[in-house]
There are 2 protein chains.
Amino acid sequence: MRAVTLPSFGGPEVLTVADVPDATAGPGEVLVDIAATAVNRADLLQRQGFYNPPPGASPYPGLECSGTISALGDGVEGWAVGDQVCALLSGGGYAEKVGVPIGQLLPVPAGVSLVDAAALPEVTCTVWSNVFQLAALQPGEQLLVHGGTSGIGTCAIQLAARHGATVTVTVGSAAKAERALELGATRAVLYNDADFVEAGPFDVILDNMGAKYLARNVKALATNGRLVVIGMQGGVTGELDLSQLMAKRAAVHATSLRARPLEEKAAIVGAVLAGVWPAVEAGEVKPVIDRVLALDEVAEAHRVVEESGHIGKVLLTT
Amino acid sequence: MRAVTLPSFGGPEVLTVADVPDATAGPGEVLVDIAATAVNRADLLQRQGFYNPPPGASPYPGLECSGTISALGDGVEGWAVGDQVCALLSGGGYAEKVGVPIGQLLPVPAGVSLVDAAALPEVTCTVWSNVFQLAALQPGEQLLVHGGTSGIGTCAIQLAARHGATVTVTVGSAAKAERALELGATRAVLYNDADFVEAGPFDVILDNMGAKYLARNVKALATNGRLVVIGMQGGVTGELDLSQLMAKRAAVHATSLRARPLEEKAAIVGAVLAGVWPAVEAGEVKPVIDRVLALDEVAEAHRVVEESGHIGKVLLTT
């Protein structure tokens, strides 16, 4: 099969499409013939050598895909060859085939194309597990989403607004602000022009900036507020004012999906199927896709995400 | 009535017993004739001018008491004059009488003397709300308690060990280590001789040191670990390594009881009555009392707590 390999770490130019041995389906897995995958920021880090795959994961990048089941591993029930699916992966999406534990499979939702479904697994699992399960966002609460037009941002806006929360986002341009408001955000703060703290306080903050925003995020929290850090684009180590956190009886969480044990991933995928898929099938939550490129254009896809000019997901078709 | 007043802020010598107007019971409150109160670290901060009472609270120190109901305010049901109680207070315990919202009353547990019951409200409400409700300590998990022979420490050890968790404590002396092990701790780390991080990882850490221990506490957390900061004896602002927190999918919480709204306090007191009182009445969890002094000896009581030589609670009788 063809896959994107990393002969060395570095810029987008190191991404190399090569012929590699076919992926297979182990026990409890299905083999998926991949229709599309999506570029996540973690792939950029992996390409640079800063985020190696966890033990047992595919060496190829790619944390999600859509496609068609072409073979069943031992002990698989409930899925059949020919089923159209999308999946959360621990790696290997940048390829023509991948073996997927059945706990990480989701059916392609009615009304969504096979290719577009590749935009859904990471964002829905990330937003659902962090904003709704961990932070337990309630109707009527205030949510702040940093990076409001990222794939995760566009999904968080739609799910939270539908849930009855008020959503504020930070974005880098007026065009992104407009798109965020169209998707259901109530306010968009242009981070180059204004301080998001002034727009608070917020009951829940979904953060991708890490250290750079830590002090201001804590300042922007409401009483009983929950800050959930899922990215560290602004650095790793920041100052935490515990007296502010205590006065607010607030919490700082940090999480990621990739390194979780299979059973935790399966639990999240199951919760997404129950909590998010009906909204997607009803057309209330849509995948937001910036562009679709071919697997051979993977370097260009990485450049697009690196420059942060995109809105929503960048997909790659095989 | 007599009460401990603060004509000025400063050392223990500013604590002044004076005649003041009698406390009264407002609507939804009872008047308690106080038998005993207890010294909490927050009282030391209040005496120094660093922790003013929240709006509406008594100006006198004292966050808990035991005593006998002597009058009922408007709309009080379920309590009668003559009932022996102990109570969580937002202030006013260092006095002969105090008005208490009924949501903060607990009956004196069978088998505990009226005076000794003053040792229970703060420690049981703090430990239950933080270790069992917020951090949801599970049987089989590892708990680290800093300040293992403080009032809170001695209560946390007993409740957590009874719950089937393994308890490690940090303490400042061999005598304190011995007492912590007697109460049910499995390990006691002498913090002057050893690094508690080596004794980890811990699923839950109950911390009273704040900034000074923040980095090491995060280092000592297990996967899915919960750090709960309830004191800042080691400073307020510390460095937080979000990459460590993320790799562990862990959380930092900070809380306090005093500033919570009445309904939250009542919910905690109700949960303590259901979750802790049966264990106290069965003799499985005992109040640990270092000494009992008279209200006139309040300055001496503050010195004892300030020097940290005590084990368990220091009580004051009126």
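## Domain and chain interfaces in a two-chain model

Across the interface of domain 1 of chain A and domain 2 of chain A, five residue pairs, both members at pLDDT 80 or more, are in polar contact. A polar contact is a pair of N or O atoms within 3.5 Å; within protein, one atom must be able to donate a hydrogen and the other to accept it, and residues adjacent in sequence count only if both atoms are side-chain atoms. This is a predicted model, in which local features need pLDDT of at least 70 and side-chain atom pairs count only at pLDDT 80 or more, while totals for chains, interfaces and linings use all residues; side-chain values use heavy atoms, with hydrogens and water left out. Residues are numbered from 1 along each chain as its sequence is written, and chains are lettered from A and ligands numbered from 1 in the order in which they are written.

### The two domains of chain A

Chain A is divided into domain 1, made of 2-120 and 258-317, and domain 2, made of 124-254, the bounds coming from an automatic or database domain assignment. The centres of the two domains, taken over C-alpha atoms, are 26 Å apart. In all, 21 residues of domain 1 of chain A are in contact with 17 residues of domain 2 of chain A, contact meaning heavy atoms within 4.5 Å. Together these domains bury about 1,600 Å², with 64% of that area on carbon and sulfur atoms; buried area is the accessible area (1.4 Å probe) that two parts lose on being put together, summed over both. On the side of domain 1 of chain A, Val285(A), Val288(A) and Ile311(A) lose the most area to domain 2 of chain A, and together they make up 27% of what that side buries.

The interface between the domains also has one salt bridge, a term for a side-chain nitrogen of Lys or Arg within 4 Å of a carboxyl oxygen of Asp or Glu. Arg162(A) and Glu284(A) form a salt bridge in which the closest N and O atoms are 2.5 Å apart. The elements that give two or more residues to the side of domain 1 of chain A that touches domain 2 of chain A are α7 (262-275) and α8 (277-281) of chain A, and the largest share, five residues, comes from α7(A). Helices (H or I, at least four residues) and strands (E, at least two) are DSSP runs, numbered from the N terminus.

### Chain B against chain A

Between the chains, 30 residues of chain B are in contact with 30 residues of chain A. The two chains bury about 2,400 Å² between them, 64% of it on carbon and sulfur atoms. Leu242(B), Met246(B) and Arg249(B) supply 30% of the area that chain B buries against chain A, more than any other three residues. There are two salt bridges between chain B and chain A, and the side chains of Arg249(B) and Glu264(A) meet in a salt bridge at 3.9 Å, N to O. Seven residue pairs, both at pLDDT 80 or more, are in polar contact across this interface. The elements that give two or more residues to the side of chain B that touches chain A are α5 (211-220), β12 (221-229), β13 (237-241), α6 (242-248) and β14 (251-254) of chain B, and β13(B) gives the most, with five residues.

### Selected residues and local geometry

In strand β9 (residues 166-171) of chain A lies Thr170(A), whose side chain is joined to that of His146(A) by a polar contact of 2.9 Å. Leaving aside neighbours within four places in sequence, Thr170(A) is in contact with several residues, including Leu144(A), Val189(A) and Phe196(A).

Helix α9 (residues 298-307) of chain A has buried residues, among them Val298(A), Ala301(A) and Val305(A), and the buried residues of α9(A) pack against β1 (2-5), α1 (41-48), β15 (289-294) and β16 (313-317) of chain A. Ser308(A), in the loop between α9 and β16 of chain A, has a positive phi near 60 degrees. Asn224(B), in strand β12 of chain B, likewise is not a glycine and has a positive phi of about 65 degrees. Most residues other than glycine have a negative phi, and most peptide bonds are trans. The peptide bond from Gly200(A) to Pro201(A) is cis, with omega near 0 degrees, and a cis peptide bond also joins Gly200(B) and Pro201(B).

In the table, buried means under 20% relative accessible area, exposed over 50%, and partly exposed in between (1.4 Å probe, protein chains only).

| Residue | Class | Relative accessible area |
|---|---|---|
| Thr170(A) | buried | 2% |
| Ser308(A) | partly exposed | 28% |
| Asn224(B) | partly exposed | 31% |
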